[in-house]
Amino acid sequence: MTLRGRLPRTAVTGGVAMTLLLALAGCGGSGSAGSDDGKIHVLVYGDAANKVEKQLIATFNKKSKVKAVLDTIPGADYQAKLQTVISSKQAPDVFYNWGGGSIKQFVDAGLLLPLDDFIAKDPGLKSKFLPSVFNSAVVDGKPYGIPMRGTQPVLLFHNKKVLAEAGVKPPETWDDLLNAVRKLKADGVTPIALGGGDRWPTLMWFEYLYDRIAGPDLFTKAVGGDKSAWESADSKKALGMIQDLVKAGAFGTNFDSVKFTDQGSPTLLATDKAGFELMGSWEYSTQQEAHPGFAEKNLGYSAFPTVSGGKGDPADLVGNTNNFYSVLKKTKYPDAVAEFLELQYSDQFVKAHLGIGNLPTTTNTADHLDEAASPDYARFQYDLVKKAPAFQLSWDQAYPQSAATAMYQAIQEFFNGRLDQDGFVAAMQALPTS
């Protein structure tokens with residue numbers, strides 16, 4: 001989820017939960033939704049995009065009598081830690097999420113505030129965003145989220161220098177990718193950096209291959225409860241191609257001990273030790289923050305390769321349509337929260353996120369593309385998203401959160417060879433869909 005957009009979610013131990021509560025206390029105190037300290041607390045994942053969120057908080061605090069505090073959760077496991085804190089006295093007023101399945105359990109539990117009244121008073125909270133994106137946080141016919149940050153398609157990033165030295169070009173087809181893997185491996189670098197230790201980066205390979213081979217309908221059926229989709233010929237073809245890629249040495253041998261969340265895989269790419277990395281569009285802001293010279297000169301990007309004979313449109317995308325801010329029903333300052341949410345479609349918001357490589361989904365984004373940190377990168381993303389016939393939500397966000405741990409385990413074990421095709425199919429068929 002930047003992180004960036006998406007994050008791994010695993011079980012939280014009592015020690016981790018206590019560390020979280022202490023961390024939240026240290027960065028802003030008890031959230032006013034659970035314990036009134038006269039402020040609204042905005043909880044987000046701690047990453048490079050926080051610089052923008054801090055700017056917006058500062059702007060808000062200059063005008064509002066009720067002040068806002070930005071609380072962050074550092075490291076991985078944002079969603080699991082959110083589940084720990086959301087019903088506690090440390091609960092935030094506003095929190096970062098991915099819409100869809102990531103908030104449905106909170107809606108079902110009656111924790112979230114429907115935003116109809118906010119929108120009735122300020123129609124811009126809906127009309128200023130692209131409809132397809134805004135609707136990703138509509139649950140049971142009610143809006144529960146306002147888009148924030150930007151759309152996050154998964155792209156194939158590359159190191160221009162490494163590819164040039166190996167005589168490799170960004171692959172347009174799957175065969176091109178396999179040929180690039182062989183050349184890069186022969187050149188002594190890891191062909192594809194992979195943060196397998198986080199597990200969700202591995203999932204991206206499944207998402208794209210399933211879409212390219214079967215089209216978006218197979219996953220739509222699967223997440224809708226049609227378990228037979230996982231045992232289809234298209235499903236098994238995708239699994240076979242994943243196995244071929246792993247066996248070709250595309251990811252090296254220690255990918256399960258590398259993580260994105262501790263800068264492991266981005267650093268491999270930035271320090272000329274890997275040729276490619278399949279990652280959400282937040283890779284740009286991550287590299288811009290940690291390796292600015294590389295981001296400026298040698299970070300390249302392309303769409304995921306086509307697959308010959310596949311049913312999916314080569315222009316299809318996978319990833320996260322956006323991140324969202326949702327509001328706790330028990331916030332003591334709904335009027336202040338509504339005023340804070342208005343900033344999410346302001347020109348300041350759009351310019352600031354474009355400045356770190358994010359692509360907001362506001363209706364005024366196209367007017368500011370020339371002001372992006374990399375106008376070419378912004379236009380590349382904008383065109384992809386605008387033209388995509390289908391934009392498949394990340395599997396771990398489309399499924400209910402109760403499915404996450406088992407899904408990640410199946411993905412990891414299939415990738416590293418501890419689970420065969422039949423075992424993977426059975427594991428996916430066992431996932432809860434509601």
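What follows is a friendly set of questions and answers about a predicted model.

Reader: Let's start with the open space in this fold. What is the volume of the largest pocket?

Author: Happy to begin there, and the model to keep in mind is a predicted one. The lining of this largest pocket divides into nine nonpolar, nine polar and two charged residues. As for its volume, the value is about 460 Å³.

Reader: Which residues are the closest to the centre of the largest pocket?

Author: The elements that give two or more residues to the lining are α4 (101–108), α11 (216–223) and β13 (391–393). The lining has 20 residues, and the closest to the pocket centre are G101, V223, L393, A398 and Y399.

Reader: And the largest cavity, which elements give two or more residues to its lining?

Author: About 40 Å³ of space lies in this cavity. Its lining consists of E53, L56, M148, R149, Y325, F340, Q344, F349 and H353. By class, these are five nonpolar, two polar and two charged residues. The elements that contribute two or more of them are α2 (50–63) and α17 (347–355).

Reader: Now a helix, please. How many residues of α10 are buried?

Author: Helix α10 covers residues 200–214 and reaches 21 Å from its first C-alpha to its last, close to the 21 Å expected at 1.5 Å a residue. As for burial, α10 is mostly covered, and the count is 15 of its 15 residues.

Reader: Which residue just after α10 takes a positive phi?

Author: Helix α10 ends at residue 214. Just after the helix, a phi of about 80° is found, and the residue that takes it is G215.

Reader: Let's turn to the strands. Why is β7 largely enclosed by the rest of the structure?

Author: In a regular strand the side chains alternate between the two faces of the sheet. Here Q152, V154, L156 and H158 point one way from β7, while P153, L155, F157 and N159 point the other way, and all are buried. Strand β7 (residues 152–159) is largely enclosed because the buried residues number eight of eight.

Reader: How many bridges join β7 to β9?

Author: Strand β9 spans residues 274–280 and runs antiparallel to β7. One of the pairings sets H158 against its bridge partner F276 in β9, and L155 stands opposite M279 in β9. The bridges that join β7 to β9 number five.

Reader: Which residue in β10 is the bridge partner of F157?

Author: Strand β10 (residues 299–302) runs antiparallel to β7, with four bridges joining the two. F157 is one of the β7 residues that are buried. Its bridge partner in β10 is Y301.

Reader: And in β11, which residue is the bridge partner of P153?

Author: Two bridges join β7 to β11 (residues 317–320), and these strands run antiparallel. For P153, the bridge partner in β11 is G319.

Reader: Do tell me about β8 and β9: which way do they run, parallel or antiparallel?

Author: Strand β9 is mostly covered, with seven of its seven residues buried. I192 stands opposite F276 in β9. Two bridges join β8 (residues 190–192) to β9, and the two strands run parallel.

Reader: Which residue in β2 is the bridge partner of K39?

Author: Strand β1 (residues 39–45) is joined to β2 by seven bridges, and the two run parallel. In β2, the bridge partner of K39 is K67.

Reader: Finally, what does G38 count as in terms of accessibility?

Author: G38 lies in the loop between α1 (14–26) and β1. G38 and I119 are 81 residues apart in sequence and 24 Å apart in space, C-alpha to C-alpha. Buried would require under 20% relative accessible area and exposed over 50%. The relative accessibility of G38 is 34%, so G38 counts as partly exposed.

Note on methods
Residues numbered from 1 in each chain as written. Predicted model: local features only at pLDDT ≥ 70, side-chain atom pairs only at ≥ 80, totals over all residues. Heavy atoms only, no water. 1 Å grid on protein atoms, 1.4 Å probe; cavity = no way out; pocket = protein on both sides within 12 Å on 5 of 7 lines; lining within 4 Å. Points joined across faces, edges and corners; volume = space filled by probe spheres on them. Nonpolar A, V, L, I, M, F, W, Y, C, P; charged D, E, K, R; others polar. Expected span 1.5 Å × (residues − 1). Buried < 20%, exposed > 50% of the residue type's maximum accessible area, 1.4 Å probe, protein only. Pairing = 2+ DSSP bridges.
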